[in-house]
Amino acid sequence: MGLAFVAVKVARADPDLVTPAKVLFAKPSLPSDQPTLAIGGYSKGCLAGAEPLPLDGPHWQVMRLSRNRNWGTPRLINYLEKFSNDVAQLDGWPGLLIGDMSQPRGGPMITGHASHQIGLDADIWFVPMPTRKLSAHEREIIPAVSMLMTGRLSVDPAKWSDQYLALLKRAASYPEVARIFVSPAIKKQLCDTAGSDRTWLRRLRPWYGHTDHFHVRLECPPGMASCIAQSPPPTGDGCGAELTDWFKPKPPPKVPAKPIKPVKPPPPLTLTGLPKACTDVLYARDAAIVAGGASGEDALGKLIGQDETGASIKK
């Protein structure tokens with residue numbers, strides 16, 4: 001016990017300030033044994049005392065288990081449980097397939113995201129949950145499905161239905177939601193078909209890459225001073241000129257008069273670029289494993305010590 005304590009003290013006194021932070025935060029398999037705090041901003045921060053979303057619930061299943069990214073603040077866990085129940089009971093949606101949330105201690109990730117660092121972001125697939133429980137292998141290989149037409153910035157009418165509008169409207173209906181990122185084509189489809197009730201559209205923000213899932217971002221928890229909030233979305237429904245700009249053709253690249261000198265890429269983000277409290281989060285002792293959850297199984301046991309499957313990383 002004494003040697004272990006000394007080792008932790010040394011690590012904290014001499015943190016790794018050279019290795020990229022995304023490498024360091026990918027290593028812990030468990031959250032820190034600390035009170036829950038979202039620290040810093042969505043794209044530059046970490047998460048103390050994270051809680052897991054159980055891998056299976058009444059109306060959800062977690063995907064890509066090998067990534068160990070089903071962690072968040074209680075605010076995010078509560079939102080996903082509430083949303084999944086409401087959309088199933090009130091809108092007839094079969095259930096949610098949950099993609100990436102945060103790592104056990106938040107922070108930057110090696111693959112996939114610039115944000116998702118403070119336990120307030122979650123990806124939700126457009127593919128509805130099947131009626132049976134998926135195996136761990138299936139959760140690694142089943143692909144998310146784009147709602148767009150191949151090679152075009154428009155929704156595929158063979159895939160899209162009003163159920164998706166109801167799904168996204170429900171997702172945006174909770175006061176704790178700050179933004180929901182979707183493809184510009186999906187945002188346009190919503191603008192064209194939302195009808196007279198349009199207040200919720202303000203929270204639906206167009207962004208690159210969100211063709212096969214939508215990305216929910218929650219507000220900072222009330223009174224949590226360590227969490228840096230994002231500015232609110234612009235007023236209005238977001239269906240005007242700002243959306244039209246996404247569909248304008250890109251101008252042809254200009255030929256420079258002189259050869260352009262290659263720009264040296266910025267150095268990778270290290271611990272020094274994150275809030276100071278993130279060093280304590282990274283080196284804190286592991287939290288105890290909590291058993292139980294909606295499935296009645298150990299919510300963490302399937303992840304602890306699990307080897308990488310070797311499956312390619314997919315959204």
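1. Start with Arg 217, which counts as buried because its relative accessibility is 6%, and buried means under 20%. Keep in mind that this is a predicted model. You'll find Arg 217 in strand β11, which covers residues 213-218.

2. What does the side chain of Arg 217 join up with? Look at Ser 115: a polar contact of 3.2 Å links the two side chains. Leaving aside residues up to four places away in sequence, Arg 217 also touches others, including Tyr 42, Leu 120, Asp 121, Phe 181 and Gln 230. Val 177, Ala 178 and Arg 179 are among its contacts too.

3. Now hop over to Arg 139, in helix α4 (residues 136-141). Is Arg 139 buried or exposed? Its relative accessibility is 2%, so it counts as buried.

4. The side chain of Arg 139 reaches the backbone oxygen of Leu 134 at 3.1 Å. Again not counting residues up to four places away in sequence, Arg 139 touches Leu 55, Asp 56, Gln 61, Val 62, Met 63, Arg 64, Leu 65, Lys 133 and Leu 134.

5. Next, have a look at two helices, α3 (residues 74-91) and α5 (residues 162-171): their axes come within 10 Å and cross at roughly 140°. That angle is why α3 is called oblique to α5. The crossing is right-handed.

6. Which residues meet there? From α3 come Tyr 79, Phe 83, Asp 86, Val 87, Leu 90 and Asp 91, and from α5 come Gln 163, Ala 166, Leu 167, Arg 170 and Ala 171. Sorted by type, the residues of this contact are 7 nonpolar, 1 polar and 3 charged.

Conventions: Residues are numbered from 1 along each chain as its sequence is written. This is a predicted model: local features need pLDDT of at least 70, side-chain atom pairs count only at pLDDT 80 or more; totals for chains, interfaces and linings use all residues. Side-chain values use heavy atoms; hydrogens and water are left out. Axes are lines fitted to C-alpha atoms, for helices over the stretch in contact, and angles run from 0 to 180 degrees between N-to-C directions. Helices (H or I, at least four residues) and strands (E, at least two) are DSSP runs, numbered from the N terminus. Angles under 35 degrees count as roughly parallel, over 145 as roughly antiparallel, 65 to 115 as roughly perpendicular and the rest as oblique. A crossing is left-handed if the near helix is turned anticlockwise from the far one by less than a right angle, and right-handed if clockwise. Contact means heavy atoms within 4.5 Å. Ala, Val, Leu, Ile, Met, Phe, Trp, Tyr, Cys and Pro count as nonpolar, Asp, Glu, Lys and Arg as charged, and the others, Gly among them, as polar. Buried means under 20% relative accessible area, exposed over 50%, partly exposed in between (1.4 Å probe, protein chains only). A polar contact is a pair of N or O atoms within 3.5 Å; within protein, one must be able to donate a hydrogen and the other to accept it, and residues adjacent in sequence count only if both atoms are side-chain atoms.
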